[in-house]
Amino acid sequence: MNRKKKKPAPIIIANWKMNGTLIDSMQLFKDLRKQIHESLVGCEIVICPPFTLLRDFAEKVPGTGVKLGGQNCHHAHHGAFTGEISAMQLKDMMCDYVIVGHSERRIQSSEGSELVQKKAAHAHTEKLTTIICIGETQYEHDNDLTKIIIREQLLHSIPKSANNSNTIIAYEPVWAIGTGKTPTDEQISSTHQYIKKIIAEELPHIEDSLRIVYGGSVNKDNAQELLANDHVDGLLVGKSSLNMIDFWGIIDAAS
Ligand code: PGA
């Protein structure tokens, strides 16, 4: 008999980017908490709000099942780095996760993979789970460079300290972020399988396979199909995590 191995519960990560005021965000969280309380949630939920909201979230998340994450961190423990935030400070605000190497930082702040790797390595010393983002641009996609870019980003962004419990890879094609476009099921399967292959063959110190989540124009209507893909372990959600109806639709699909 062909028994299909049951997938572990998916992880749904909300990346709020530079959105949200205190009042709106606390209301959204209140609504989310109420829904969680009344439902059977079958996925891990992580919220990565702007830094300004972390303290309020840190007081509200305990006991709700929701975990907190930062959207970025510096690679030093502390010091003269105006405008930066350290992994230690995120930990101090009850964060368990941090996103590193998001394409908006790679592109807008010129962050290269070597810097992403330093940030991830340092975040691991603070016992944060890193969500390392990789993905090709529209130009790279159109010119059949996806695999080259993905390999390059993986090999230079993943630190030696990475393992199955402290690292998640987020495959986010840049051309899919905020555009309403998503890759086909076959494209996602093939890229996620390629990511696994590169890690297994070229980063042999990482013993178990890492979880790989998909991100880019995820919404309540496509979440179920994306999660039905055997190679997708969860979703990284931007815009659709900013309002309760859309975000709950995704959590519902994951449950
Ligand atoms: P999006 O963003 O869901 O709005 O496309 C995803 C992301 O940038 O992480």
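Reader: Which residue in S3 is the bridge partner of valine 46?
Author: The partner is lysine 67 in S3. The model is predicted, with local features needing pLDDT of at least 70, side-chain atom pairs counting only at pLDDT 80 or more, and totals for chains, interfaces and linings using all residues. Residues are numbered from 1 along each chain as its sequence is written, and side-chain values use heavy atoms, leaving out hydrogens and water.

Reader: In which sense do S2 and S3 pair?
Author: Strand S2 (residues 44–48) and S3 pair in the parallel sense, over three bridges. Two strands pair if DSSP finds at least two bridges between them. Helices (H or I, at least four residues) and strands (E, at least two) are DSSP runs, numbered from the N terminus.

Reader: And which strand do three bridges join to S3?
Author: That is S4 (residues 95–100), which runs parallel to S3. Glycine 70 has valine 98 in S4 as its bridge partner. Between S3 and S4 the chain passes through helix H3 (residues 87–92), in a right-handed β-α-β crossover. Right-handed means that, with the strands pointing away from the viewer, the path from the first strand over the helix to the second runs clockwise.

Reader: Why is S3 largely enclosed?
Author: Four of the five residues of S3 (residues 66–70) are buried, so the rest of the structure largely encloses this strand. Buried means under 20% relative accessible area, exposed over 50%, and partly exposed in between (1.4 Å probe, protein chains only).

Reader: How many residues of S2 are buried?
Author: Four of the five are buried, and S2 is mostly covered. Five bridges join S2 to strand S1 (residues 11–15), and these two strands run parallel. In that pairing, asparagine 15 stands opposite cysteine 48 in S2. S1, helix H1 (residues 22–38) and S2 make a right-handed β-α-β unit.

Reader: Changing topic: how many residues surround the ligand?
Author: There are 13, and the closest are Lys17, His102, Glu172, Gly178 and Ser217.

Reader: Which ligand atom is 2.6 Å from the side chain of lysine 17?
Author: It is an oxygen atom, and the distance is to an N or O atom of that side chain. An oxygen atom of the ligand is also 2.8 Å from a polar backbone atom of serine 217.

Conventions: Near = heavy atom within 4 Å. Polar contact = N/O pair within 3.5 Å; in protein donor to acceptor, adjacent residues only side chain to side chain.
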